[in-house]
Number of protein chains: 2
Amino acid sequence: MAAPRQFLNDPATLVAQALAGLERANPDIVRWNRDPSFVVRADDDPRPRVSVISGGGSGHEPLHTGFVGRGMLDAAVPGAIFASPSMGQVKAATEAVDRGRGVVHVVKNYTGDIINFGLARDEALEAGIAVETVVVDDDLATDDPTGGGPGRRGTAAVIAVEKICGAAADGGADLESVVALGRRVAAGARSLAIALEACTHPGAPGPSFLLADEEIEFGVGIHGERGIDRRSFAPARELAEMLVRPIAEALELARGDRVIAIVNGLGSTHALELSLMFTETAAVLDAMGVHVARALVGSYVTSLDMAGCSITLVRSAPDLIELWDAPVHTPGLRW
Amino acid sequence: MAAPRQFLNDPATLVAQALAGLERANPDIVRWNRDPSFVVRADDDPRPRVSVISGGGSGHEPLHTGFVGRGMLDAAVPGAIFASPSMGQVKAATEAVDRGRGVVHVVKNYTGDIINFGLARDEALEAGIAVETVVVDDDLATDDPTGGGPGRRGTAAVIAVEKICGAAADGGADLESVVALGRRVAAGARSLAIALEACTHPGAPGPSFLLADEEIEFGVGIHGERGIDRRSFAPARELAEMLVRPIAEALELARGDRVIAIVNGLGSTHALELSLMFTETAAVLDAMGVHVARALVGSYVTSLDMAGCSITLVRSAPDLIELWDAPVHTPGLRW
């Protein structure tokens with residue numbers, strides 16, 4: 001057995017103990033509702049306005065619980081590690097944040113999340129709460145041009161959707177407008193990820209898959225699953241090309257277009273490496289004449305301790321940039 | 001050879017390419033001076049006031065270059081990976097940020113940094129710039145009660161020193177006051193770290209040391225060196241006890257005392273694990289009757305991709321909390 005690599009008491013209590021820590025370290029920003037489990041804003045904001053919530057499996061922190069706060073999410077609903085939260089959790093969170101102007105569910109495109117958020121929406125609608133869903137499906141690795149199957153997975157573009165919807169809701173936009181913005185951001189975003197090493201589930205004896213020497217995993221998701229292809233390890237500039245060019249093609253980016261670029265660490269990749277990958281990402285975009293309007297570089301949508309990174313490009317526009325730049329005050333994202 | 005784990009073009013250009021990325025991703029906050037290499041604030045702040053700079057080896061990001069910005073550092077001087085910056089770099093940065101009211105050098109206690117910052121101070125003094133040094137030496141693992149040797153190493157307490165000195169300087173405090181605050185914070189801070197896995201230097205074939213199964217490294221520093229003791233792997237709550245109790249003893253914390261608690265990831269440790277470790281840290285302090293006045297949980301002072309965490313406790317007081325809470329706008333720390 002490999003040397004232990006993780007701080008842990010018991011896999012069964014990890015998520016709850018981590019949520020307790022999140023709350024205690026950020027008492028002015030978030031409050032954790034124990035049962036059913038969801039995280040809400042700790043600061044009082046009684047204005048009648050649209051509320052925005054999200055959620056999904058744990059193991060991706062700071063996503064989503066770390067993005068609760070002024071200017072972003074009103075609540076986040078965490079499941080167990082890599083598992084969807086229950087319908088009951090989502091319903092309770094939806095009721096808790098409703099301010100009479102409707103609630104937006106930002107949902108990454110995974111079957112369990114789609115089902116459980118959908119059931120919760122149905123119940124909330126019956127209870128008289130207006131709920132609309134924005135599905136985030138940016139992962140180009142799971143694109144099926146035939147349109148069959150479950151569609152593309154949702155990954156790091158969800159940061160942009162949550163930030164921009166949260167800013168719009170904070171600014172007083174109505175439900176229809178916030179939903180339209182979220183769908184527009186999601187439609188204009190694509191991501192690709194590579195892993196240099198798989199993640200290890202809490203308490204598991206080893207990583208979820210093994211890579212041969214000098215091999216990388218291309219098109220990985222954020223749940224420890226294998227990617228779509230094994231490729232040869234290469235210098236960072238080649239890896240950046242490998243990720244950026246297909247995204248730019250899928251978004252049909254042309255000279256003069258502007259994007260928000262997110263270089264996201266998958267868990268154990270160092271800040272130096274992410275800054276390097278951003279330099280190379282920007283160089284690829286420079287060569288295409290695509291302008292980086294805004295950048296976010298760091299580990300925001302992780303897959304436990306996976307070594308790797310994802311690159312997300314989001315088509316930008318002046319109204320989106322204004323919302324991106326708006327103040328945000330959450331444990332995981334602040335400006 | 002193990003599978004590649006790092007994004008890299010060439011170890012010789014890694015730091016420069018990462019600094020280029022830091023600057024490009026945060027053009028409103030930092031500007032990178034290429035030669036000699038140092039990072040300064042990009043925003044104009046022409047007020048005559050004290051300036052605060054720091055620096056040291058790279059590989060600890062976001063420290064120090066990620067802490068340049070309003071309310072924290074005026075400049076940071078990065079060396080090569082785990083190597084001190086040169087006297088020339090420090091001198092140039094000191095001259096660049098001097099606003100006629102003096103410059104504070106915040107220096108972690110390592111021989112190379114002490115020498116090179118000291119030489120730069122001497123030259124700056126000759127050039128008519130008032131420079132004072134605050135040495136940070138919080139690492140309890142290297143405490144020598146006989147007072148011999150190089151003294152305790154500087155680790156994560158440097159965040160508190162930089163934040164509090166930066167806030168004081170931003171608020172118009174004079175040189176003497178900023179220096180006194182920095183020394184008071186450093187004197188009231190101690191840290192301890194454990195590693196679950198060593199770090200791998202960029203381009204090296206493997207980690208800087210190997211741990212046997214079920215073994216952890218107690219009292220590690222942030223430069224890939226071994227710690228002072230090998231201990232048995234244990235649940236997170238026991239590891240938190242192992243770190244917190246000696247720190248509380250060294251600081252002579254008593255029931256009713258208040259601290260700023262920093263739970264810091266050393267590189268590849270996941271946010272869930274750090275939140276868990278904070279929960280356990282707070283539990284140990286609760287049992288002692290020590291109050292957590294403020295907390296910072298995340299990877300701020302890293303050692304490349306080392307798996308592990310450090311815990312820092314800083315004696316707090318109302319004036320320190322006010323400065324800790326003051327606005328800060330840097331790539332790595334914002335509120």
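Tutor: Let's go through the ring pairs and then the charges over rings. This is a predicted model, where local features need pLDDT of at least 70, side-chain atom pairs count only at pLDDT 80 or more, and totals for chains, interfaces and linings use all residues. Residues are numbered from 1 along each chain as its sequence is written, chains are lettered from A, and side-chain values use heavy atoms, without hydrogens and water.

Student: How many aromatic pairs does the structure hold over all chains?

Tutor: Two.

Student: Why is the pair A:W324 and A:W335 called tilted?

Tutor: Rings of Phe, Tyr and Trp (its six-membered ring) pair if their centres lie within 6.5 Å; planes under 30 degrees apart count as stacked, over 60 as edge-to-face and the rest as tilted. Here the centres are 5.5 Å apart and the planes are at 50°, so the pair is tilted.

Student: And what makes A:W324 count as buried?

Tutor: Buried means under 20% relative accessible area, exposed over 50%, and partly exposed in between (1.4 Å probe, protein chains only). A:W324 has 3%, so it counts as buried. A:W335 has 24%, so it counts as partly exposed.

Student: What about B:W324 and B:W335?

Tutor: They form a tilted pair, with 5.5 Å centre to centre and 50° between the planes. B:W324 is buried at 2%, while B:W335 is partly exposed at 24%.

Student: How do you know that A:R231 lies over the face of A:F218?

Tutor: A charge sits over a ring if NZ of Lys or CZ of Arg is within 6 Å of the ring centre and within 35 degrees of the ring normal. A:R231 is at 3.6 Å from the ring centre of A:F218 and lies over its face. In chain B, B:R231 lies over the face of B:F218 at 3.7 Å from the ring centre.
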